[in-house]
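Have the sequence and the 3D view open as you read.

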Amino acid sequence: MTDRPRTQSDAFARAKERGRHLAATILSDPDMLTGEAFAHRLGLTVSDLRDLKQAHAVLILPGSSPREIRYPVWQIDATRQPFPVLPALFDALGDSGWTIYRFLMQSHPELAGQTALEALRDGRDALVVQLAHSIAEGTFA
């Protein structure tokens, strides 16, 4: 016998729980830093980091509480700064850090199967931003 949800609200509750579990798994990865650790990595103060956050110049992944907020270390490029295209990605895709995260982690046919993060690491910033706008507009590349 399968363990199927009996109602639509049961299905939504189970989906939310799977989402919470996945988010907790992602946030517990060693590449996810606290604000203090991320600021230190950039040579900034936590106050400076707040300014970057407000400018959408860093990717922040919220958890279920403010103490669980994490900053992916992989958003730091070869110059030891956050990818300069992050504000453009937020502009195209909205204010959700999780949306930006998903966009960066997914492989995209328009990038020859690369993830957007891999394309950024290869210096293909303009193409990544163009793809984000295409996805947001529903036109796709």
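## Starting with a helix

In which helix do W98 and Y101 both lie, and how many residues apart are they? Both sit in helix α5, 3 residues apart, which is about one turn of the helix.

Before going further, some ground rules. This is a predicted model, in which local features need pLDDT of at least 70 and side-chain atom pairs count only at pLDDT 80 or more, while totals for chains, interfaces and linings use all residues. Residues are numbered from 1 along each chain as its sequence is written, and side-chain values use heavy atoms, leaving out hydrogens and water.

## The overall fold

The protein chain has 7 helices and 2 strands, running α-β-α-α-β-α-α-α-α along the sequence. Here helices (H or I, at least four residues) and strands (E, at least two) are DSSP runs, numbered from the N terminus. The C-alpha trace spans about 55 × 40 × 25 Å along its principal axes.

Of the 141 residues, 35% are buried; buried means under 20% relative accessible area, exposed over 50%, and partly exposed in between (1.4 Å probe, protein chains only). Take the contacts (heavy atoms within 4.5 Å) between residues at least 6 apart in sequence: 52% of them join residues at least 24 apart.

A search of the whole structure turns up 3 aromatic pairs. Rings of Phe, Tyr and Trp (its six-membered ring) pair if their centres lie within 6.5 Å; planes under 30 degrees apart count as stacked, over 60 as edge-to-face and the rest as tilted. The rings of W74 and Y101 have centres 6.0 Å apart and planes at 40°, so this pair is tilted. It connects distant parts of the chain, 27 residues apart: W74 is in the loop between β2 (71–72) and α4 (86–93), and Y101 is in helix α5 (residues 97–105).

W98 and Y101 make an edge-to-face pair, with 5.5 Å from centre to centre and 75° between the planes. W74 and Y101 are both buried, whereas W98 is partly exposed, with a relative accessible area of 23%.

## Two nonpolar cores

A nonpolar core is a set of buried Ala, Val, Leu, Ile, Met, Phe, Trp, Tyr and Cys residues joined through side-chain atoms within 4.5 Å. The largest one has 26 residues, and L59, L89, I100, F103 and L104 touch the most other members. The elements giving two or more residues to this core are α1 (8–27), α4, α5, α6 (116–121) and α7 (125–137), with α4 giving the most, 5 residues.

Setting aside residues up to four places away in sequence, L89 touches G94, I100, F103, L104, V128, V129 and A132. There is also a second, separate core of 10 residues, which includes L33, F38, I60 and I76.

Most residues other than glycine have a negative phi. Now look at H56, which is not a glycine but has a positive phi of about 55°. H56 is in the loop between α3 (46–54) and β2, and is partly exposed, with a relative accessible area of 26%.

R80 is another non-glycine residue with a positive phi, about 65°. R80 is found in the loop between β2 and α4, and is exposed, with a relative accessible area of 52%.
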